[in-house]
Amino acid sequence: MTKRHGYALLAAILAVVVVLSAAIYIGVGAHGGTDTKAAVAGGNTSHDAAPASTGTWVGAWSTSPVGAEPGTEPDGLAGRSVRNVVHTAAGGTSARITLSNLYGQQPLVVTHATIAVAATANSAAAAADTMRRLTFGGATSVEIPAGRQVTSDAVRVRIPHDVDVLVTTYSPTPSGPVTYHPHARQISYVADGDRTEDLSAGSYTEQSPYWRYLTALDVLSDEAAGTVVVLGDSLTDGITSTVGANSRWTDVLSERLRAAAGSADTPRYSVVNQGISGNQVLAAGLGRPADNPSALSRFGRDVLDRPNVKAVVIDLGVNDILRNPNQVDPATVTDGLRTLVRQAHARGLRVVGATLMPFQGHRGYTDAREAVRQAVNAEIRAGKVYDAVVDFDAALRDPYDQRRLRTDYDSGDHLHPSDKGFRRMAEVFDLKALKGAIPAEL
């Protein structure tokens, strides 16, 4: 090779290096940096692009829309900031939310939405440097048609597990009624005006026992590999658990899974709670769409549509017995439960089901209803309904009268557990039951 040819080759190589370097620089600037215009528009609020890190999208928290909030027709919460407080079952490096207008009768316009880690538990104050503005298809405003829901873009923010997270929305125009979950067992907050990016709690003077609009918080997790969805009624909703203590049985199950993850075939799963107080397998409430939708009608949205679902836990059937004015045929309940299992199996999901706990002493108790409960439990224990069984009945019943809850596990209404009872439910759950192949057919 001549000297002239050598210089030419060297120049060509340098040119290729320059082009590749420029491409890499542009790629990093586009995907890994901060959107300057968004940061300026948001003041001190950070707005990071879609996550560059790897991980698995899992449910960190979720709830089921139940109905239209009374008193919010027709204006909704126009001109007010709603700061929902939710507790995480898993941590991650990025987050996204789902907002629902399922029970709205007109479009819900959200012009401003943020997410932040709470400074302390049960507080409306945000931790420093965690506030992020949320976007929807790249825009800071979104219009959600009546009867629909929308999921935000992913935003880069470190969400730890076992912390409170603040999700705040502002809607300037009337958009009632408000889609809500009434039995949150968690205090959220409301402020006048657009206080979406406030770090302090000063403007959030109104407390709320509801979750409004918000139905899911997902994280790009670096610690969980999938989601367990628990479908249930008030026993899962935790209606008698201590407010703000995260003592529902699903919360305790989440703690156990995290503590044991990776050992003794225990899967690394997060747990999300899709309990609705008063929920039935078969029947729904009034309205279009129906208030308190049946488990059969909501299974697709509340279970199958959760991110990376690996297993389903079902604790339902008591309300089908209690709320029927006549004696229910046990086969009606078990057939409905089997339908849910078949839907899960069609997606390759394993299903763990619970026996029905006793309720003698409750105002709805009759000997006929007790006979139905016992018959349903016999089918469940015989392995004719679910892939695996957790026997809540045996764990919480009074050893001297198996028709009743044990006194220290009873909240006092003889139907719902105390905090101690909820913990007992989670403690008897076999974590290994969440893994394994599903049978060809039941």
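1. Helices α5 and α7 run roughly parallel to each other. The reason is the crossing angle: their axes cross at roughly 30 degrees, and angles under 35 degrees count as roughly parallel. The model is a predicted one. Helix α5 covers residues 295-304, helix α7 covers residues 330-346, and the two axes come within 10 Å. The crossing is right-handed.

2. Which residues of α5 and α7 make the contact? From α5 come Ala295, Leu296, Phe299 and Leu304. From α7 come Gly336, Thr339, Leu340, Gln343 and Ala344. By class, the contact holds six nonpolar and three polar residues, with no charged residues.

3. Now the chain as a whole. The protein chain has 23 strands and 10 helices. Of its 442 residues, 53% are buried. Take the contacts between residues at least 6 apart in sequence: 80% of them join residues at least 24 apart.

4. Helix α10 spans residues 419-427. Its buried residues are Gly421, Phe422, Met425 and Ala426.

5. What do the buried residues of α10 pack against? Three of the partners are helices: α3 (234-237), α4 (249-260) and α9 (392-396). The list also includes the strand β19 (309-315).

6. Ala395 sits in helix α9, one of the elements that the buried residues of α10 pack against. Is Ala395 buried or exposed? Its relative accessible area is 13%. The cut-off for buried is under 20%, so Ala395 is buried. Leaving out residues up to four places away in sequence, Ala395 touches Tyr409, Arg424 and Val428. Leu405 is 10 residues from Ala395 along the chain, and their C-alpha atoms are separated by 9.4 Å.

7. Asn246 lies in a loop, the one between α3 and α4. Both of these helices pack against the buried residues of α10. Asn246 itself counts as buried, at 14% relative accessibility. Which residues does Asn246 touch, not counting those up to four places away in sequence? They are His87, Asp164, Gln186 and Asp251. Val86 and Asn246 are 160 residues apart in sequence, yet their C-alpha atoms are 9.8 Å apart in space.

Note on methods. Residues are numbered from 1 along each chain as its sequence is written. This is a predicted model: local features need pLDDT of at least 70, side-chain atom pairs count only at pLDDT 80 or more; totals for chains, interfaces and linings use all residues. Side-chain values use heavy atoms; hydrogens and water are left out. Buried means under 20% relative accessible area, exposed over 50%, partly exposed in between (1.4 Å probe, protein chains only). Helices (H or I, at least four residues) and strands (E, at least two) are DSSP runs, numbered from the N terminus. Contact means heavy atoms within 4.5 Å. Axes are lines fitted to C-alpha atoms, for helices over the stretch in contact, and angles run from 0 to 180 degrees between N-to-C directions. Angles under 35 degrees count as roughly parallel, over 145 as roughly antiparallel, 65 to 115 as roughly perpendicular and the rest as oblique. A crossing is left-handed if the near helix is turned anticlockwise from the far one by less than a right angle, and right-handed if clockwise. Ala, Val, Leu, Ile, Met, Phe, Trp, Tyr, Cys and Pro count as nonpolar, Asp, Glu, Lys and Arg as charged, and the others, Gly among them, as polar.
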